[in-house]
Amino acid sequence: METKIIHPKEINEAVEAIKAGELVSFPTETVYGLGADATNEQAVKNVYQAKGRPSDNPLIIHVSEIEQILTFVENFSKTAQKLMDTFWPGPLTLIFPLKNEKVLPSVVTGGLQTAAFRMPNNQLTLSLIEKSDKVLVGPSANTSGLPSPTTAEHVYHDLAGKIFGVLDGGSCQVGVESTVLDLSQPNLQPTILRPGAITKKQLEEVIGPVLMDEHILSEKEAPKAPGMKYKHYSPKTPVVMIDYLESNWQEAIDYYRINEKKVGLLVNEKQLSKVTNYDDVYLLSKNRNVTEAMQHLFAGLRSLDEKTPSLDIILAETYSEKDEGLAYMNRLKKASNQKKYQK
Ligand code: TXA
Ligand code: MG
């Protein structure tokens, strides 16, 4: 199959393809998703296959209207209603209990009694959902294990030949996947299963106390969001985290260079001006800004991974694990397998 890059003006081609059960990648504010009709079992199976994704890892259902969710979910709590009113469309995914297991093909939910929903903040994709009159599954449109795609080119790189097309909406602004919040346990406080751009603090301002799944901060494996247990976001080139001490940077670069390694940096521009002797760089922000760093992290990992001749090591800057820094570090720790530079 020849994969087409679909221009926004040609959106009707994407709409027809989705209706026909084809796979079309769509832009969102977070990362590109791999779209298919969530009620078409074969189309959803093809999504897992195109990504090479383990089938016990459930998918997010993307909607353009809140009412669409009521086909699958009995009703909304006040908490859920407030969250949707405040943060949608936006980078927040909510997990609800399903009416019953027959409302969705079990491939969507990995056989769970719950399902994840989100309304993405991207006009093109909202109209794709609306015009096709389908709700869409949308895992990140990368080959399973690689960094999530933040441009149509990234999607094409991973999935060309395997999907109908990519609706090209330019670069994603947020850069990491949505915050996943579990609202499915009536006896438990809402719990963050995956950190994202919408922080615990922002959620708490709207709904009061929110729990953080313990596995996000501890170094343990197998957190509750099924997808979080898999190795993720890893480029082929090893990644090492550098704690933000200025002297460490030059020392680390020199350490690897002495050992004849080609060194790439993922760092902010201000810090870059203080070091020499590296082989390549991808700038994450101008002056150590975590929002910008988050936006560019996956693109930076991909870009440095594609260099010829290839790099031997990528040194990446850390942030403190609070607010948006938690989402950034969650992805970077996975990409680096928690490896930190130490003297
Ligand atoms: O920003 C995003 O969320 C992007 C864009 C494309 O919308 N999508 C995305 O999808 O990141 P995916 O499939 O790569 O990640 C979905 C996450 C996984 O960690 C999955 O385990 C979790 O949501 N998830 C889905 N359904 C769940 C459920 N019923 N219970 C718990 N976790 C669930
Ligand atoms: Mg993903």
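The dialogue below goes through the sheets, the domains, the salt bridges and some backbone details.

Reply: Before we start, please keep in mind that this is a predicted model, in which local features need pLDDT of at least 70 and side-chain atom pairs count only at pLDDT 80 or more, while totals for chains, interfaces and linings use all residues. Residues are numbered from 1 along each chain as its sequence is written, chains are lettered from A and ligands numbered from 1 in the order in which they are written, and side-chain values use heavy atoms, with hydrogens and water left out.

Me: What is the order of the strands in the open sheet of 11 strands?

Reply: In general, strands of a sheet pair through backbone hydrogen bonds, either parallel or antiparallel. Here strands are DSSP runs (E, at least two residues) and helices are DSSP runs too (H or I, at least four residues), numbered from the N terminus, and two strands pair if DSSP finds at least two bridges between them. The order in this open sheet is 1-8-2-3-7-4-6-5-9-10-11, and the pairing is mixed. Its edge strands, each pairing on one side only, are strand 1 (4–6) and strand 11 (211–212).

Me: In which sense do strand 4 and strand 6 pair?

Reply: Strand 4 (residues 60–62) and strand 6 (residues 114–118) are parallel partners, with 3 bridges between them, and His 62 stands opposite Arg 118 of strand 6.

Me: Which strands does helix 7 lie across?

Reply: For such a question, axes are lines fitted to C-alpha atoms, for helices over the stretch in contact, and angles run from 0 to 180 degrees between N-to-C directions; contact means heavy atoms within 4.5 Å. Helix 7 (residues 200–207) lies across strand 5 (92–97), strand 9 (179–182), strand 10 (191–194) and strand 11, and it runs at about 40 degrees to strand 9.

Me: What is the strand order in the open sheet of 4 strands?

Reply: That sheet has the order 12-15-13-14 with parallel pairing, and its edge strands are strand 12 (239–242) and strand 14 (280–285). From one strand to the next, the twist averages 20 degrees. Strand 13 (residues 263–268) and strand 15 (residues 313–317) run parallel and are joined by 4 bridges, and Gly 264 has Ile 314 in strand 15 as its bridge partner. Helix 12 (residues 324–336) lies across strand 12, strand 14 and strand 15, at about 135 degrees to strand 12.

Me: How is the protein divided into domains?

Reply: Domain bounds come from an automatic or database domain assignment, and here they give domain 1 (4–217) and domain 2 (239–336). The C-alpha centres of the two domains lie 29 Å apart, and 26 residues of domain 1 are in contact with 15 residues of domain 2.

Me: How much area do domain 1 and domain 2 bury between them?

Reply: Buried area is the accessible area (1.4 Å probe) that two parts lose on being put together, summed over both. The two domains bury about 1,700 Å² between them, with 57% of it on carbon and sulfur atoms. Pro 147, Val 176 and Pro 195 supply 28% of the area that domain 1 buries against domain 2, more than any other three residues.

Me: How many salt bridges does the structure hold, and what is the count between domain 1 and domain 2?

Reply: A salt bridge is a side-chain nitrogen of Lys or Arg within 4 Å of a carboxyl oxygen of Asp or Glu. The structure holds 17 salt bridges, and the count between domain 1 and domain 2 is 3. One salt bridge in the structure joins the side chains of Arg 302 and Asp 158 (2.9 Å, N to O). Arg 118 forms another with Glu 29, their closest N and O atoms being 2.9 Å apart. Arg 118 lies in strand 6 and Glu 29 in the loop between strand 2 (24–26) and strand 3 (33–37), so this pair ties together parts that are 89 residues apart in sequence.
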